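Here's a quick briefing to read alongside the protein in your viewer. Have the sequence and the 3D view open as you go.

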Amino acid sequence: MSLPMNSDLNDKKPFRILALDGGGIKGTFTASILATWEKVTGLRIAEHFDLIAGTSTGGILALALGLGHSASSIQQFYEEHGPAIFPDSSFLQRLGLTVGHLWRPKYSCEPLRSALAQVFGEQKLGDSRCRLIIPTYDALRGRIFLMKTAHHPRLTFDHEAPAVDVALATSAAPTFFQPSQFGKHAGNPYIDGGVWANSPGLAAVVEAHHFLDVPLSSIRLLSIGTTTESTAILDKLNRGPGGLLNFGVLRWAPQLIGLLFQAQVQCAVSATSLLLSEGNFVRVDQVTPEGVYSLDSARKIEELCQLGRGRAVEKEILEPVRKLFLNGTPALPFQHFRSGTRT
């Protein structure tokens with residue numbers, strides 16, 4: 001049955017958004033948090049949000065939630081497939097990867113593609129049960145790009161896109177994987193959405209306010225990170241031999257991607273907290289010691305699971321999540337606009 005456009009959104013009813021950061025294998029932390037909440041509350045995550053946004057590994061999580069997969073099954077995906085996607089190796093093999101990484105991607109994308117195909121099969125972006133936005137970056141035209149469900153009359157282009165292709169497009173981290181060719185946009189290579197929206201909460205708030213006419217005062221945002229290191233960048237650059245080497249390419253290069261991702265996460269989180277009403281923004285993350293977890297540290301999967309479980313049940317986290325988001329009031333079904341028609 002068709003509903004009047006946005007009739008359920010532009011009043012004072014809370015509009016709940018879930019935003020999931022990028023972070024490679026550290027998405028295990030996020031998956032564990034979500035799985036713990038589903039277990040503790042007995043509720044399905046996706047049924048209680050009006051919009052889910054996810055970047056990179058968070059985009060994979062968002063797609064899986066929207067397409068009906070439980071959070072525990074997504075956690076299992078990381079546990080089962082993570083070691084194949086980011087394979088461990090001997091010292092000599094790691095040395096070879098490091099040297100080869102200077103001129104080619106560190107990992108093949110085929111294990112990731114194969115793992116995603118096992119989970120999503122023939123499912124498409126438009127099969128999602130809730131609104132989705134998935135950030136990526138169009139490397140051909142040099143522009144930011146959001147892949148979206150057809151939740152607005154203008155958004156009728158990507159709902160037929162295979163979920164596997166969408167997941168690969170948002171998670172093609174520079175230097176780790178090669179740019180992803182996207183079948184629905186022939187010839188366009190896409191790279192990780194984390195280059196501009198590693199924390200997609202701000203993009204999601206703009207989506208709700210601009211496209212869906214939701215008042216900022218009605219928006220509730222639950223944003224989940226993938227752990228954050230505590231050490232300042234200057235400490236890292238100052239280590240080792242002194243002099244100009246400290247601030248040269250060799251010293252900056254290993255830190256640069258992480259620095260850029262972390263800086264724009266901080267920007268997005270700060271801006272979002274200023275836009276939303278006090279108490280309507282909940283940010284969940286975990287500060288960890290430097291160097292313990294990285295985008296490809298598959299050996300740390302079990303630790304990340306444990307870290308997520310512990311963080312999820314902390315009183316200052318669980319209480320507002322239950323009150324504002326997983327409170328037993330399901331989100332209303334959303335309208336699909338496909339080829340100019342509503343369904």
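The points below cover the overall build, the aromatic rings and the cysteines. Keep in mind that this is a predicted model.

**Overall build**
- The chain has 343 residues, and 52% of them count as buried.
- Take the contacts with a separation of 6 or more: 77% of them involve residues 24 or more positions apart.
- The chain's accessible surface is about 15400 Å², with 58% of it belonging to carbon and sulfur atoms.

**Aromatic rings**
- The count of aromatic pairs comes to 7.
- One of them is Phe77 with Tyr78, an edge-to-face pair with 5.5 Å centre to centre and 90° between the planes.
- Phe77 has 7% relative accessibility, so it counts as buried, and Tyr78, at 4%, counts as buried too.
- Phe86 and Phe177 make a tilted pair, because their planes sit at 50°, with the ring centres 5.8 Å apart.
- Phe86 is in the loop between α3 (71-85) and α4 (91-100), while Phe177 is in the loop between α6 (163-170) and β5 (180-181), so this pair ties together parts 91 residues apart in sequence.
- Phe86 and Phe177 are both buried.
- Look for a cluster here as well: ring pairs link Phe86, Tyr107, Phe176 and Phe177.

**Cysteines**
- How many disulfides are there? The count comes to 0.
- Cys109 counts as buried because its relative accessibility is 13%, under the 20% cut-off.
- Cys130, at 3% relative accessibility, counts as buried as well.

Notes: Residues numbered from 1 in each chain as written. Predicted model: local features only at pLDDT ≥ 70, side-chain atom pairs only at ≥ 80, totals over all residues. Heavy atoms only, no water. Disulfide = S-S within 2.5 Å. Buried < 20%, exposed > 50% of the residue type's maximum accessible area, 1.4 Å probe, protein only. Contact = heavy atoms within 4.5 Å. Areas by Shrake-Rupley, 256 points an atom, 1.4 Å probe, with all protein chains shown as cover. Phe/Tyr/Trp six-rings, centres within 6.5 Å; stacked < 30°, edge-to-face > 60°. Helix = DSSP H or I, 4+ residues; strand = E, 2+ residues; numbered from the N terminus.
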